[in-house]
Amino acid sequence: MSATSPLIRELGQADYEPTFAAMRAFTDARTPESRDELWIVEHPPVFTLGLGADREHVLAPHDIPVIQTDRGGEVTFHGPGQVVIYLLMDLRRNKPGGKLYARQFVEKIEQAVIDVLGAYNLGGERVAGAPGIYIADGPRKGAKIAALGLKVRGNGCTYHGVSLNVAMDLAPFTWINPCGYSGLVTVDMRTMGVEAPLHDVQRALAQALVDQLAPEGVQPDPNKPTDSPARATSL
C-alpha cells in the first residue's frame with residue numbers, strides 16, 4: 001500500500017447531507033491502492049447525531065436541521081466559522097506489517113488539534129472518556145473547543161472527522177447537550193481572544209493532521225508542501 005501523504009481537498013462551503021453521501025460513496029469505491037484524502041469544508045448550520053445518539057439531547061433545534069449519521073458519538077453542531085476536516089483514510093497502510101488502531105488514530109487527531117491551538121498560544125487538553133479537545137487552563141478550563149466523531153469500517157477505512165471552533169455563532173450549542181453532556185460549555189478561538197482567518201486555521205489543521213498521520217518510518221518534508229488543494233465543484 002502506498003505511503004503517499006493524503007490529498008487535501010478544499011470543498012469550500014457545502015451542505016452536510018451531500019458531503020456525507022460523498023464520503024460514503026468514496027469509501028465504498030476505494031481500493032487498497034486508493035490515495036487517502038482530507039476534505040476541508042465549512043457547513044451551513046446543522047445538528048448531526050451519532051449512531052447511538054439520544055435525540056433527547058437535542059433540546060430545541062429551532063429551524064436547524066437534525067441529521068442522523070453513522071459516526072460514533074452523540075449530537076454536535078456544525079456551522080459557519082468552524083473548521084471541519086473529514087479523514088478518508090485506510091488505517092492498514094499507516095504501520096508497516098500492521099495497521100494504525102482506532103484509539104491511536106483518535107489520539108493523533110487530537111494531538112493535531114492541540115498542536116494547532118498551541119501555535120495560537122491556546123492550551124488544549126484531552127479529557128478521559130470524552131473525545132475531543134478542551135481548554136486546558138484559565139477561567140474557561142474544561143470548555144470544549146473541538147469535537148471528534150469517526151466511522152471506522154471493518155476493512156480499516158475511515159470517514160467523518162474533526163471540527164475546531166474558530167469564530168462561530170455559539171448559541172446553537174446551548175440548544176443541545178453537546179456530545180451528550182448537559183451543561184457542557186462550548187467555546188471558539190475568538191472567545192478565547194484569538195482572531196484568526198478561518199482559511200488559515202483550516203490549512204494549519206490539515207497540515208498538522210498530515211504530519212501526525214505520516215506512515216511509520218515516513219517523515220514529512222517540512223520544506224515540501226502537500227499537494228495543491230483541489231477545490232471541489234460538486235459532491
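1. The largest share of the lining of the largest cavity, four residues, comes from β9, where strands (E, at least two residues) and helices (H or I, at least four) are DSSP runs numbered from the N terminus. A cavity is here a set of points, on a 1 Å grid over the protein atoms alone, where a 1.4 Å probe fits but cannot get out, and lining residues have an atom within 4 Å of a point. This is a predicted model, in which local features need pLDDT of at least 70 and side-chain atom pairs count only at pLDDT 80 or more, while totals for chains, interfaces and linings use all residues. Residues are numbered from 1 along each chain as its sequence is written, and side-chain values use heavy atoms, with hydrogens and water left out.

2. The structure holds two cavities of 30 Å³ or more, and the largest has a volume of about 70 Å³, a volume being the space filled by probe spheres set on grid points that are joined across faces, edges and corners. The lining of the largest cavity includes Thr76, Lys144, Phe173 and Cys179, and β9 (144–152) and β10 (158–165) each supply at least two of its residues. By class, this lining divides into six nonpolar, five polar and one charged residue, with Ala, Val, Leu, Ile, Met, Phe, Trp, Tyr, Cys and Pro counted as nonpolar, Asp, Glu, Lys and Arg as charged, and the others, Gly among them, as polar.

3. Cys179, one of the residues that line the largest cavity, carries the feature "active site" in an unreviewed UniProt entry; UniProt positions are given in the numbering used here, feature names are shortened, and annotations may be inferred rather than shown by experiment. Cys179 is placed in the loop between β10 and α3 (198–212). Leaving aside residues up to four places away in sequence, Cys179 touches Glu74, Val75 and Lys144, a contact meaning heavy atoms within 4.5 Å.

4. Which way do the residues of strand β5 point? Val75 and Phe77 point one way from β5 (residues 75–78), Thr76 and His78 point the other way, and all are buried, that is, under 20% relative accessible area with a 1.4 Å probe and protein chains only, where exposed means over 50% and partly exposed lies in between. In a regular strand the side chains alternate between the two faces of the sheet. Strand β3 (residues 46–49) pairs with β5 in the antiparallel sense over four bridges, pairing requiring that DSSP finds at least two bridges between two strands, and Phe77 in β5 is the bridge partner of Phe47.

5. The largest pocket has a volume of about 420 Å³, a pocket being an open set of points with protein on both sides within 12 Å along at least five of seven lines. Elements that give two or more residues to its lining are β5, α2 (102–119), β8 (130–135), β9 and β10, and the largest share, six residues, comes from β9. The lining of the largest pocket comprises 28 residues, of which Arg71, Gly72, Gly73, Leu148 and Gly149 lie nearest the centre, and it divides into 14 nonpolar, 10 polar and four charged residues.

6. Strand β9 is mostly covered, since seven of its nine residues are buried. It pairs with β8 in the antiparallel sense over two bridges, Lys144 in β9 being the bridge partner of Tyr134, and seven bridges join β9 to β10, which also run antiparallel. Leu150 stands opposite His160 in β10. In the hairpin of β9 and β10, which has five residues between the strands, Gly156 takes a positive phi near 85°.

7. Asn155 is found in the loop between β9 and β10, and it counts as partly exposed because its relative accessibility is 36%. Asn155 and Asp90 are 65 residues apart in sequence, yet 8.1 Å apart in space, C-alpha to C-alpha; with residues up to four places away in sequence not counted, Asn155 touches Asp90 and Arg92.

8. Strand β2 (residues 37–42) has six of its six residues buried, with Glu37, Trp39 and Val41 on one side and Leu38, Ile40 and Glu42 on the other. Five bridges join β1 (residues 7–13) to β2 in a parallel arrangement, in which Gln13 stands opposite Glu42.

9. On the overall fold, the protein has three helices and 10 strands, and buried residues make up 50% of its 235 residues. Among contacts with a separation of 6 or more, residues 24 or more positions apart account for 68%.
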